[in-house]
Amino acid sequence: MKFGIFYEHQLPRPWDDGEEQKLFNDALEQVEVADRLGIDYAWEVEHHFLEEYSHSSAPEVFLAACSQRTKNIRLGHGIRQVIPQYNHPARTAEVIATLDLVSNGRVEFGTGESSAELELGGFRIPVEDKRKIFMESVEQICNMLAMDPYPGYKGQYFEMPCRNIVPKPAQRPHPPLWVACSQRETIRMAARLGIGALTFAFVDPAEATEWVEEYYGIIKSDECVPIGHAINPNICMVSSFSCHQDRAEAVRRGLPGFEFFGFALGSLYAFGEHKPGRTNLWQQFEAIQKTKQESNDITGGALSGSRGGIGTPDDLREHLLKFEACNVDQVTFIQQAGRNRHEHICEALELFAEEVMPEFKEREAERERRKMEELAPYLEAAMERKIAMQQLKDDDIPVFESLGRKVSQESQNEESIYEKPQAAG
């Protein structure tokens, strides 16, 4: 099983001068630490207008900075918003390819559409159409990355003429594709499209077994028709994270941040209301925590399920063995949440890498080899089912005049219209 770290760039109020800068600098240092320790992935979201919950609106900039500070860790868009109102498909293709080049082929291309009204409404994206827009965009971005030239496209929600999108990525035909999944149906969609599933549902390992079995069952079935030019058969589960030799200290350091993560997520996506620039999520969260303290329920019960990543090295080992047993490919940690402190995050990563990670790493190469060997005939059959966009023949590639040439030609045409023949002498 592989491991990752995950960033929303959370920054609860109140905000003092310099706090956002410190937030990003600390995160860059944490990714450096993770790379040195041998952690496999660093994932970064793209969100807009979600104050306190996520100050990560330009993940390509953060990941590019990470690429120059690290050597081995995979750099994941977890996710890039691909709907054209957020990011034009050609711009997404250009960004992904450029990041792949400057990182020496370490990009994971996670895709998503969002389900937050603040984001969707902010960009005037119709909620009822967002899934169809997402599907159209992802397919065309993959074509742009893989085809030379891109033939052009006129669809229901997006169109552009023939162009050759440059640069091309280091990983051909394109970096591994993922999609953010918070519901069971999105897991099924990921499998049908041949995309890795980045799951954000915080499911218990027992429930994860059903998700994994269904995902790989679809990958192996005739339902799998790849949306991209390659299949990425992987399923990743997120987990809470705080590791210390003293369980109570691990809880003190990590649980409030993780609970704020859950509260802010619920408020912004499900049950809350938000006044831009004024709503104080941290203040609301603290009021709930105070009520819990008064009822002597600050931990909210046993540290199991979604909270099972908080505890001693032995606690984490037990938690992660359950995910490994149900064939989860990757567990990525929510370590930067709420007011979790930078030094505590780094200490926890160091302890995890020293006492927990090695045994999982030892088994990973053989597990991956067996998995891909088993899947090989199914992946080949799925690729044969894909109806690919046809590459243009050279004679069919359109020619486009430069603007200056167009203006000059139009000017000459106008002059010829107004020229009058000389009268006969």
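Angles under 35 degrees count as roughly parallel, over 145 as roughly antiparallel, 65 to 115 as roughly perpendicular and the rest as oblique. Axes are lines fitted to C-alpha atoms, for helices over the stretch in contact, and angles run from 0 to 180 degrees between N-to-C directions. Helices (H or I, at least four residues) and strands (E, at least two) are DSSP runs, numbered from the N terminus.

The model is predicted: local features need pLDDT of at least 70, side-chain atom pairs count only at pLDDT 80 or more, and totals for chains, interfaces and linings use all residues. Residues are numbered from 1 along each chain as its sequence is written, and side-chain values use heavy atoms, with hydrogens and water left out.

The barrel is described next. Eight strands form a closed barrel in the order β1-β2-β3-β4-β7-β8-β9-β12, and the pairing is parallel. From one strand to the next, the twist averages 25°. Two strands pair if DSSP finds at least two bridges between them. Strand β7 (residues 177–181) and strand β8 (residues 196–199) pair in the parallel sense, over four bridges. Here cysteine 181 stands opposite threonine 199 of β8. Helix α1 (residues 19–37) touches β1 (2–7) and β2 (41–44). The direction of α1 makes about 175° with that of β1. Helix α3 (residues 89–102) packs on the sheet too, touching β3 (74–81) and β4 (107–112). The direction of α3 makes about 170° with that of β3.

Helix pairs come next. Two packed helices are described by the angle between their axes and the distance between the axes. A crossing is left-handed if the near helix is turned anticlockwise from the far one by less than a right angle, and right-handed if clockwise. In each contact, Ala, Val, Leu, Ile, Met, Phe, Trp, Tyr, Cys and Pro count as nonpolar, Asp, Glu, Lys and Arg as charged, and the others, Gly among them, as polar.

The axes of α1 and helix α2 (residues 59–67) come within 10 Å and cross at roughly 45°. That angle makes α1 oblique to α2. The crossing of α1 and α2 is right-handed. From α1, Phe24, Ala27, Leu28 and Val31 meet Phe62, Ala65 and Cys66 of α2. The contact of α1 with α2 has seven nonpolar residues, no polar and no charged ones.

Helix α6 (residues 184–193) and helix α7 (residues 205–219) have axes that come within 8 Å and cross at roughly 30°. That makes α6 roughly parallel to α7. Their crossing is right-handed. Arg184, Ile187, Arg188, Ala190, Ala191 and Arg192 of α6 meet Glu210, Trp211, Glu214, Tyr215, Ile218 and Ile219 of α7. By class, the contact of α6 with α7 holds seven nonpolar, no polar and five charged residues.

For helix α8 (residues 247–271) and helix α9 (residues 281–294), the axes come within 10 Å and cross at roughly 120°. Therefore α8 and α9 are oblique to each other. The crossing in which α8 passes α9 is right-handed. On the α8 side, the contact is made by Pro256, Glu259, Phe260, Phe263, Ala264, Ser267 and Leu268. On the α9 side, Leu281, Trp282, Gln284, Phe285, Ile288, Gln289 and Lys292 take part. The contact of α8 with α9 divides into nine nonpolar, three polar and two charged residues.

Side chains of opposite charge can pair when their charged atoms come close. A salt bridge is a side-chain nitrogen of Lys or Arg within 4 Å of a carboxyl oxygen of Asp or Glu. By this rule, the count is 41 salt bridges. In one of them, arginine 252 meets glutamate 249 at 2.6 Å, N to O. These two residues are three apart in helix α8, so about one helical turn separates arginine 252 from glutamate 249.

Most residues other than glycine have a negative phi, and most peptide bonds are trans. The peptide bond from valine 166 to proline 167 is cis, with omega near 0°. Proline 167 is placed in the loop between β6 (159–160) and β7. The bond from arginine 172 to proline 173 is also a cis peptide bond, with omega near 0°. Proline 173 lies in the loop between β6 and β7. Histidine 9 has a positive phi, near 55°, and is a residue other than glycine. Histidine 9 is found in the loop between β1 and α1.

Key
Contact = heavy atoms within 4.5 Å.
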